[in-house]
Each structure stands twice: as C-alpha cells, then as structure tokens.
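Here is a short briefing to read with the model open beside you.

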Amino acid sequence: MIILNCPFCGPRDHSEFDYGGDGSITYPSLDAPVEDWHAAVFLRDNICGVQTETWQHTQGCRMWLLVERDTMSHEVHSIRPAHPGHAAVLEGKV
Amino acid sequence: MTKFSAWNVFWNGLTGQKGWGRQWRDPAPKSHYDVVIIGGGIHGLATAYYLAKNHGITNVAVLEKGWIGGGNAGRNTTIVRSNYARPGNREFYEHSLKLWENLSHELNYNVMFSQRSHISLLHSPGAIDAAARNYNTLRRTGTPDAEIWSLERLKQVVPHLNYAADARFPIMGAAVQKRAGTARHDAVVWGYARAADQFGVDIIQNCEVIGLTRDNGRVTRIETSRGPITAGKVALSVAGSTSRLWSMAGLGGLPIETHKLQAFVSEPIKPLLDQVVVFGIGGAHFYISQSDKGGMVFGGDLDWYKSYAQQGNLPIVQDVSEAAMSVLPCLGRVKLLRHWAGVVDMSMDGSHFLCKTPLDNLYLNAGWNYGGFKASPAAGWYLADLVANDRPHETIACFDLKRFERGLQIDERGAGPDPKLHG
Ligand SMILES: Cc1cc2nc3c(=O)[nH]c(=O)nc-3n(C[C@H](O)[C@H](O)[C@H](O)COP(=O)(O)OP(=O)(O)OC[C@H]3O[C@@H](n4cnc5c(N)ncnc54)[C@H](O)[C@@H]3O)c2cc1C
Ligand SMILES: [Zn+2]
C-alpha cells in the first residue's frame, strides 16, 4: 500500500485516491497545431524512476494533487495541491 | 535434437530417461547479426522462429536480460481467444487463433492448447444486446464459434456459478467463444525457443541491452551487458520495458504507459471448472480457469497506478478475492498458493503497435496491454513479415504509431486515451 500524505486530509491509503497520470503535461492553446495536441493527449515519457503525476483524493477532500513518486520503488518524494493557488497558500507563499 | 514422439517417450521410459539432451544451445553473442530481437518473451522468440521458417533469415539473435519467459510470458493467466470486435483486431486475433490450433504440431512441442471455451457472464439486458451485436459481427467476419447462451444453457454447462436470484449482479446469460481456451505458457516459450534454435537462431540469456547508438536515422550499435553487437535490423519486443528502450534510442514519447497486473493461483483442487469464465460489471473485473494441475488460476484489474515494479499491491488482492467469491462462492475455503505481478505495456487505445519506427532499421512490437499472450503467434508472424519485407502486411497496417494523428483509435472498450482503463 502506498501512503499519500494529502495536504488537506493527512496521510491516507492510496486506495482512497484515483490515479490521474503524467502530471508534467501542459495542454497547448486551443488553436495550437494538431501535432502539439497529439503529443499532449497521446504521447508519454513513461519514466522508470521519479515522475510527477496527478492523483485525486476521490474518497476524501476530492482535491487534485501533484505527486512526485518513484515508479519502480513507489517511494513518494513530494505531494502538493495541483491548483497553484492552493499550493501557494498552503506553502505560505501568499 | 531429439524429435519428440510417442515412441521416444516410450523408449526413454524403458531406458531410464537418459535420451533427453538440452533443448537449445547457450551460445556466446557474436559481434554481428542480420537481425537482433531485443526481448526473450514469447513474442521475441516467435518472431525469431517465423523469420527463420517463413523468410529463411537465420543469422538472428534474441537478446534477453534475464531468462527467456521470465517476463510476462511466464506470468500471465494464459487465456487465448479471438473475440475482438473492432476491424483490425478481428482479423489479427483470428489469424493468431488459427496458428494456436496447429502450434503443438508445428513446433513438435506440446503447448497444451486446450480449447475449452471462454465464457463471459452477462448481467443485464443491455449487456446481452451489446454482446449479441459484437458476436453477430464476429460470426459474419470469420469467427464462427461466437455464441450467445441463455441462462438455462449456461447452468447446464457450468453448474457451480453463483446463480442466486439475490446476487448483487444476477447472471442473465453469457457470451461464449468455443474455440477459445488456455495454453501452457512456459511450454510456448520453450517450444518456440527450441524450434528457433534448430534453425540456427542464437538465444542469448543474461544479456541486457543497456544502450542503443544511432547514426543517420539508423541503429548502428547495441550496447549489451555482454558487449557491443551490431545488426542489420533491430526489433523491439520488450513489453513493459518498451519506453526504456525507446528512450535509449532517443526517440521521445510513446502512446504507452507501464502498469502492473497481478495473477493468482490457488492450491490444487479436484476438477471444478472446465472453461474460462469471465465476470465484469460495475467496476469488478475477474477471469478464472483451472490449470491441468488443478490450481484455480485467476486475475482481475491492474493495480491502478503506473509502475515498473513486478510486485502487486494488496487492495487488488482483496478486490480479486471479492470478485471470486461473488462468482464462485464455493471457492471460499480454498487457499491461495501464490500471487505475482508483471509489467504490461498499456497503450492509449488498448490496442497494440506492430510497425516501423522513425529509425530505418528499428521495428516495434508493443502495446499489448493485458492481452498479448493470445497474440503471441500472430505477433511473431507479422513482426517477422515486417522485418523481412520492410513494409507492414495489410492486416497490421492500422497498428502503426501514427494512428492517433489520423484520428483512429482501435478502442474495444471505448475508454479513451487513458492507458489504465484498457484492462
Ligand atoms: C498477470 C498477467 C496476466 C496476463 N494474462 C493474459 C491472458 O490471460 N491472456 C493474454 O492474452 N495475455 C495476458 N497477459 C499479457 C501477456 O502476458 C503479454 O502481453 C505478453 O506475454 C507480452 O509478450 P512477451 O511474452 O514477449 O513479453 P515478456 O515475456 O514480458 O517479454 C519481454 C522480455 O523483454 C526482456 N527485456 C526487457 N528489457 C530488456 C533489455 N533492456 N534487454 C534485454 N531484454 C529485455 C524482459 O526481461 C522480458 O523477458 C497477462 C499479463 C500479465 C502480467
Ligand atoms: Zn484529501
């Protein structure tokens, strides 16, 4: 079991969360060329090692989170709200 | 090499079993091959066999980082079927099933292919309609053995299922493919290895590819843990490790994510289940058959997050056990013997890639999701054809990496571009 320390709810079993996917992806503008959209929707680096990914605390606060996790050892390196405004507030930057 | 026959078994029985030698050589890698296949799973070994047999290309090596069949080839639940309904998949999997039907004879190796029927349980009128649509399509497009069964028929043939009227999801019927079944996975690995070796293919174990050098749009050198190798053509057949090899070649992203899938086997029990039974509704997903040794072999969903660890998590053990109890409550006291996991190459539409790549002499076989065991003979057959002729056969033309750019998704589930949903 992976324990994810939700910034809103505290440490919880991963089974309370839904896995989103690669969190490093930024979506292009609506009028961007089709290749950019193709890359954002379909192509993945599929890293073996530490990657940034999204999880949603579906059975808890329902917030989307950005998690740095090792895809081989499953060790969690960091976890913060995906919404930059929430992250800034929680991390005392506002 | 000894040809296996009833006479040989009989004679060796009388002479102390001394007539059996090793089944394939253990050669040191040469510095150059016409074709190097990376990955010694069933797909890689089958590719080597069909390259030699169908195309006369025998200066071939299969490089395997561990032992052959140590990956998903030796970890799967061995279900073989061809009840895929989308164009492209239909023709491909039906070709594969036809190759399975003659495989033991062709390889002179008993792969224990048992066409015991694949029975998908249906729990609502809507599910029956959807299955009827797919199975009618199958019957009209070359798969004659796709049937829809009534509840009465199902009860006669598979009496031990949970038919209780107060079950959470009462069974209403079933979609059945009768030529589907199971095979002994290790035997398929060994059978292809032995047959390829007989043609002169070098099967090189404990040989990990650690780098791919490219120059001028070609792979020019393969760095391995046993020294550098050069090759005219290179084929990737590494299942869950595809992205790692892809990035060694500096090729960027792929429409693939690596996830892990678990499987389970119980202690051996007396004959209970003669078919493969599949249960899938409302978030549950479960498939079960009984091995020749008597163990109940079963599995369910992925672990739900990306992972390269060949080790499963406990919530899925609970999930799968609950599904087992709801379909076959008589298993309640049976002990679990072992469970394990393999890393699978989940693709963006749930279908595979058998295609050329941006590098001229590099060919790709990947994206097998849950289902590449059944595909093994055809994957090897078509990959060999692709490597030998340097153009895709028309049957695999749609399984290229560019299909998403063209707006094509071969998505049996209709789940969209989220790899974990294509289980
Ligand atoms: C638990 C489980 C259950 C499954 N059940 C079914 C089923 O019921 N029916 C079905 O059709 N399919 C099933 N599958 C899927 C099926 O097993 C796979 O799709 C199929 O085995 C993949 O092809 P392969 O045998 O060539 O892969 P593998 O056996 O995984 O072969 C890939 C090989 O590449 C090697 N390799 C990786 N990196 C390197 C490197 N750098 N250098 C050299 N070698 C390398 C690996 O060691 C491995 O041996 C299941 C999979 C799992 C994990
Ligand atoms: Zn929370």
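**Asp197 of chain B**

With a relative accessible area of 6%, Asp197(B) is buried, because buried means under 20%. This is a predicted model, so please read each value here as computed from it. The points below start with this aspartate, move on to other places in chain B, and end with chain A and its zinc site.

**Around Asp197(B)**

- Asp197(B) sits in helix H7 of chain B, which covers residues 185-198.
- Which residues does Asp197(B) contact, leaving aside its neighbours within four places in sequence? They are Met1(B), Gln23(B), Trp24(B), Arg25(B) and Ile203(B).

**Around Asp303(B)**

- Asp303(B) belongs to strand S15 of chain B, residues 295-306.
- A relative accessibility of 2% makes Asp303(B) buried.
- Setting aside neighbours within four places in sequence, Asp303(B) is in contact with Lys260(B), Gln262(B), Gln311(B), Gly312(B), Asn313(B) and Ile316(B).
- Between the C-alpha atoms of Asp303(B) and Pro315(B) there are 8.2 Å, and the two residues are 12 residues apart along the chain.

**Positive phi angles in chain B**

- Gln17(B) is not a glycine, although its phi is positive, at about 55°.
- You will find Gln17(B) in the loop between helix H1 (6-14) and strand S1 (32-38) of chain B.
- Is Gln17(B) buried or partly exposed? Its relative accessible area is 46%, and Gln17(B) is partly exposed.
- Ala239(B), a residue other than glycine, also has a positive phi, near 50°.
- The loop that holds Ala239(B) runs between strand S11 (230-236) and helix H8 (242-248) of chain B.
- Ala239(B) counts as partly exposed, with 26% relative accessibility.

**The zinc site in chain A**

- Which atoms coordinate the zinc ion (ligand 2)? The donors are SG of Cys6(A), SG of Cys9(A), ND1 of His57(A) and SG of Cys61(A), at 2.0 to 2.3 Å.
- The arrangement around the zinc ion (ligand 2) is tetrahedral because its four donor atoms subtend angles of 104 to 119°.
- Along the chain, the donors of the zinc ion (ligand 2) are spaced as C-x2-C-x47-H-x3-C.
- Cys6(A) lies in strand S1 (residues 3-6) of chain A, while His57(A) lies in the loop between strand S4 (50-56) and strand S5 (64-70) of chain A, so this pair ties together parts that are 51 residues apart in sequence.
- Cys6(A) is buried, with a relative accessible area of 2%.
- His57(A) is buried too, at 0% relative accessibility.

**Chain A as a whole**

- Chain A has two helices and six strands, and from the N terminus on its elements follow the order β-β-β-α-β-β-β-α.
- Taken along the principal axes, the C-alpha atoms of chain A fill a box of roughly 40 × 35 × 25 Å.
- Of the 94 residues in chain A, 35% are buried.
- Among contacts in chain A with a separation of 6 or more, 41% come from residues 24 or more positions apart.
- The accessible surface of chain A is about 5,200 Å², and carbon and sulfur atoms account for 54% of it.

How values were computed. Residues are numbered from 1 along each chain as its sequence is written. Chains are lettered from A and ligands numbered from 1 in the order in which they are written. This is a predicted model: local features need pLDDT of at least 70, side-chain atom pairs count only at pLDDT 80 or more; totals for chains, interfaces and linings use all residues. Side-chain values use heavy atoms; hydrogens and water are left out. Donors are N, O and S atoms within 2.8 Å of the metal (3.2 Å for Na, K and Ca); water is not among the atoms, so sites may look incomplete. Four donors count as tetrahedral if all angles lie between 85 and 135 degrees; four count as square planar and six as octahedral if opposite donors are over 155 degrees apart and all others between 65 and 115; anything else is irregular. Helices (H or I, at least four residues) and strands (E, at least two) are DSSP runs, numbered from the N terminus. Buried means under 20% relative accessible area, exposed over 50%, partly exposed in between (1.4 Å probe, protein chains only). Contact means heavy atoms within 4.5 Å. Accessible areas come from the Shrake-Rupley method with a 1.4 Å probe; for residues, only the protein chains shown count as cover.
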